[in-house]
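Thanks for taking a look at this one with me. Below are some notes to read alongside the coordinates.

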Amino acid sequence: MNASAPVHSPRPKARWSRKERRYFWLGLAFASPWIVGFLAFTVYPFFGSLYLSLTEYDLFSTPRWVGLQNYENILQDDRFYTSLGNTFFMAFASVPITLAASLLIAVVLNFKARGINYYRTIFYLPSVIPIVASALLWTWMLNPDFGLVNMALRAFGLPDPAWLLDPRYTKPSLILMSLWGSGAGALIFLAALQGVPKQYYEAAQVDGAGAWHRFWKITLPALSPIILFQLIMGLIGAFQIFTESYILAGGKADGGSLGGPEQSLLFYAVNLYQEAFVFLKMGYASALAWILFIIVLLMTLLLLKTSGRWVYYGGE
């Protein structure tokens with residue numbers, strides 16, 4: 001080692017000035033309501049539910065530690081598998097149908113025509129109606145005797161099923177209801193469509209590409225990040241279906257009647273609600289909530305993992 005080589009002493013750590021410290025504490029003070037709310041209403045319930053899932057708790061007595069007993073009981077509960085099956089059906093049937101309908105509506109509303117803004121407003125209006133009001137409206141529309149849906153089917157000589165009374169048609173009823181509210185997704189797709197560079201379509205048109213080819217090769221790849229976002233949010237929402245099922249099933253919480261005819265409307269969130277607030281099995285319900293969290297997390301990670309094969313971002 002060269003003795004004449006200069007020795008570099010470590011650079012002293014930069015210290016905040018008095019003004020910088022003042023701004024830091026001032027910013028922290030302004031952010032403190034959100035920080036306190038986040039800790040009190042998100043972080044604490046999150047870890048509190050994990051603890052309760054390992055206990056037997058009924059709201060009135062002290063939680064009693066039972067370890068993994070709640071999870072073992074869940075795996076032996078037929079209602080768990082029924083609710084999980086119903087929820088998976090809605091997630092994999094309703095979400096793709098609603099997503100496709102939203103995209104179709106957005107493509108149609110993207111055309112320039114007289115009064116197009118009024119049509120956009122009409123399609124979006126169902127999305128701002130409260131979910132309870134929408135569910136009550138659809139309960140009336142799907143009435144087997146005087147509902148508008150069956151009246152229209154009879155007018156065309158088609159079968160008029162007992163939508164909310166026949167277990168074969170209860171889930172299609174919910175899919176119809178979700179289609180009615182697809183305007184919110186259409187609005188997001190519409191905003192993304194208007195951001196696709198026009199020169200891509202012009203170049204493809206010069207090369208002789210037809211409308212379907214332009215849609216498949218330009219529009220869909222350009223919308224793929226939005227499709228991924230809508231797909232993830234749709235799946236998360238589908239796994240939390242509650243209000244629609246509760247209203248369409250009649251809002252009964254006694255015993256096993258909450259799930260509608262033959263438990264066809266017993267979704268995961270409905271079962272969780274019944275275990276927690278009807279049977280007062282808070283520990284058991286917390287375990288159900290954590291299983292739901294893990295399922296949604298795994299499905300989200302799976303979508304994000306596979307998105308690299310079909311999602312295209314600008315510049316790629």
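1. Let me start with a serine. The side chain of Ser-53 comes to 2.6 Å from the backbone oxygen of Leu-50, a polar contact in the sense of an N or O pair within 3.5 Å, where within protein one atom must be able to donate a hydrogen and the other to accept it, and residues adjacent in sequence count only if both atoms are side-chain atoms. Ser-53 sits in the loop between H1 and strand S1 (55-56); helices (H or I, at least four residues) and strands (E, at least two) are DSSP runs numbered from the N terminus.

2. A word on provenance: this is a predicted model, in which local features need pLDDT of at least 70 and side-chain atom pairs count only at pLDDT 80 or more, while totals for chains, interfaces and linings use all residues. Residues are numbered from 1 along each chain as its sequence is written, and side-chain values use heavy atoms, with hydrogens and water left out.

3. Is Ser-53 buried or exposed? Ser-53 is buried, at 0% relative accessibility; the classes are buried under 20% relative accessible area, exposed over 50% and partly exposed in between, with a 1.4 Å probe and protein chains only. Not counting residues up to four places away in sequence, Ser-53 touches Gly-67, Asn-70, Tyr-71, Gly-283, Ser-286, Ala-287 and Trp-290, where contact means heavy atoms within 4.5 Å.

4. Now for the helix pair H1 (residues 18-52) and H13 (residues 282-306). Their axes are 8 Å apart and the packing angle is about 120°, which makes H1 oblique to H13. Axes here are lines fitted to C-alpha atoms, for helices over the stretch in contact, and angles run from 0 to 180 degrees between N-to-C directions. Angles under 35 degrees count as roughly parallel, over 145 as roughly antiparallel, 65 to 115 as roughly perpendicular and the rest as oblique. On the H1 side, Phe-46, Ser-49, Leu-50 and Leu-52 meet Gly-283, Ser-286, Trp-290 and Phe-293 of H13. By class, this contact of H1 with H13 has 5 nonpolar, 3 polar and no charged residues; Ala, Val, Leu, Ile, Met, Phe, Trp, Tyr, Cys and Pro count as nonpolar, Asp, Glu, Lys and Arg as charged, and the others, Gly among them, as polar.

5. H13 also packs with helix H3 (residues 78-109): their axes come within 13 Å and cross at roughly 30°, so H3 and H13 are roughly parallel to each other. Phe-80, Leu-84, Phe-88 and Phe-92 of H3 make the contact with Leu-288, Ile-291, Ile-295 and Met-299 of H13. The residues of this contact divide into 8 nonpolar, no polar and no charged.

6. Staying in H13, have a look at Tyr-284. Tyr-284 is buried at 6% relative accessibility, and its side chain makes a polar contact with the side chain of Asp-77 at 2.7 Å. Leaving aside neighbours within four places in sequence, Tyr-284 is in contact with Asn-70, Asn-73, Ile-74, Asp-77 and Glu-275.

7. Leu-280 is placed in the loop between H12 and H13 and is partly exposed, at 28%.
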